[in-house]
Amino acid sequence: MNGLPTADFFDFESLLSSKERAKLAELREFLAAEIAPYASDWWNKAEFPAHILPKLAALELSTPAQRGYSNLFAGLVIAEMTRVDTSIATFFLVHHDLFVEALYGFGSASQKERLLADASSLRITGAFALTEPGHGSDVAGGMETRARRISSITGEPDDDGDAWVLNGAKRWIGNGTFCDYMLVWARDESAGTAGPGAVRGFIVDASLPGVSRSRIENKIALRTVQNADIVLENVRVAEADRFAGISSFEDTNQLLRGSRLMVAWQAVGQQMAAFDVARQYAVERQQFGRPLARFQLIQQQLVTMLGNTVASMGMMARLAQLQDDGAADMPQVALAKSYTSARMRETVALGRSILGGNGIVTDYRMAKIFADAEAIFTYEGSFEINTLIVGRAVTGVSAIV
């Protein structure tokens with residue numbers, strides 16, 4: 001609101017370069033014009049606005065750190081997107097921070113040449129197929145999707161073959177209903193140099209025979225995001241489409257650390273959104289002949305929301321500095337994800353309370369913000385799993401298994 005402080009109460013944005021601040025302002029203009037007026041309708045209808053992708057790509061914000069921007073800027077990009085629509089931010093980070101970053105980190109020269117430019121500019125879209133119907137938090141040890149190396153000529157198992165056959169199922173795959181390619185993780189049944197049981201990554205063309213996709217229905221959060229159940233039945237993938245840089249599940253940590261960071265930034269953006277909506281409502285809504293903002297308890301709730309948001313931003317800004325120095329480790333990222341998502345849950349609940357009955361209908365945005373927060377609280381490592389990762393780091397004892 002004009003003349004009043006923003007949710008960035010400590011002005012972390014001032015730490016950005018002038019170029020980055022200008023780019024962030026450009027993003028805000030795009031979000032205000034192309035996303036904000038329509039986001040609730042897309043959410044209500046559970047429809048993904050594919051028509052906006054060329055305009056989103058024109059901002060040239062894919063993997064900002066790869067383009068020379070700071071990690072603070074990259075995080076604030078996700079926070080600003082989330083502030084306007086969590087679903088669009090989720091699409092963006094799944095495609096760019098998982099699929100495109102995987103191409104940068106693990107792709108061969110030929111894979112990069114073939115896919116990277118189109119993926120970065122959203123001419124093709126990607127998904128990250130890791131989670132399975134029976135395995136979420138325990139997918140590292142419980143992965144059931146299998147890959148067997150074969151001869152493309154005979155179709156028979158061949159540890160030196162030029163193809164692979166994939167069988168298994170994946171669940172909760174964001175962008176999975178419409179993506180062009182999927183990064184599929186599978187356990188190697190061959191007896192190659194890494195030994196049977198090693199985890200491999202494959203670039204799977206979603207149109208290949210044997211790939212079937214169905215949308216997960218009846219969600220109460222991230223309704224615009226098209227999550228899919230994926231079934232792989234004797235899907236043949238060329239050896240040239242295996243990520244040569246991936247030989248074990250440990251290789252996923254680089255990607256998961258980055259995406260978990262971005263989801264923590266989503267928790268920041270979700271709190272900023274809740275504060276924006278609740279503050280405006282409190283100032284404009286009249287009860288007992290005066291605005292809600294005149295009541296002490298309402299001010300206390302707003303200040304708690306603001307404090308949670310600023311504390312979360314402060315943690316993430318410091319983590320961005322550690323990223324710039326190449327020093328952010330998984331326990332630090334896990335603490336950020338668990339802490340910011342817990343503060344977010346409190347913040348959006350307070351915001352929903354301020355709106356009273358109007359807080360449960362999407363007409364006022366807060367209901368959507370409140371519901372979407374539940375997905376952020378759970379994905380990219382649940383609150384509990386991230387807490388136990390930190391607990392293991394500070395005690396030297398694992399309570400996960």
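How many cavities of 30 Å³ or more does the count come to? The count comes to 3. A cavity here is a set of points on a 1 Å grid over the protein atoms alone, where a 1.4 Å probe fits but cannot get out. Grid points are joined across faces, edges and corners, and a volume is the space filled by probe spheres set on the points.

Ground rules, quickly. This is a predicted model, where local features need pLDDT of at least 70 and side-chain atom pairs count only at pLDDT 80 or more, while totals for chains, interfaces and linings use all residues. Residues are numbered from 1 along each chain as its sequence is written, and side-chain values use heavy atoms, with hydrogens and water left out.

Now the largest cavity. It holds about 60 Å³ of space. Its lining, meaning residues with an atom within 4 Å of a point, includes Thr 82, Arg 83, Gln 270, Lys 368 and Asp 372. Which elements give two or more residues to that lining? Helix 4 (71-84), helix 8 (252-284) and helix 11 (366-378) do. Helices are DSSP runs of H or I with at least four residues, strands are runs of E with at least two, and both are numbered from the N terminus. By class, the lining has 5 charged, 3 polar and 3 nonpolar residues. Asp, Glu, Lys and Arg count as charged; Ala, Val, Leu, Ile, Met, Phe, Trp, Tyr, Cys and Pro as nonpolar; the others, Gly among them, as polar.

Next, backbone angles. Most residues other than glycine have a negative phi. Trp 172 has a positive one, near 65°. This residue sits in strand 3 (residues 163-174). Asn 218 is not a glycine either, and its phi is positive at about 65°. Asn 218 lies in the loop between strand 6 (211-215) and strand 7 (227-238).

Are these two buried or exposed, or in between? Buried means under 20% relative accessible area, exposed over 50%, partly exposed in between, with a 1.4 Å probe and protein chains only. Trp 172 is at 46%, so it counts as partly exposed. Asn 218 is exposed, because its relative accessible area is 73%.

Leu 4 comes before helix 1 (18-35). At 39% relative accessibility, Leu 4 is partly exposed.

Last, Ala 127. This residue is in strand 1 (residues 126-129). Its relative accessible area is 0%, so Ala 127 is buried.

Definitions and conventions: On a 1 Å grid over the protein atoms alone, a cavity is a set of points where a 1.4 Å probe fits but cannot get out, and a pocket is an open set with protein on both sides within 12 Å along at least five of seven lines; lining residues have an atom within 4 Å of a point.
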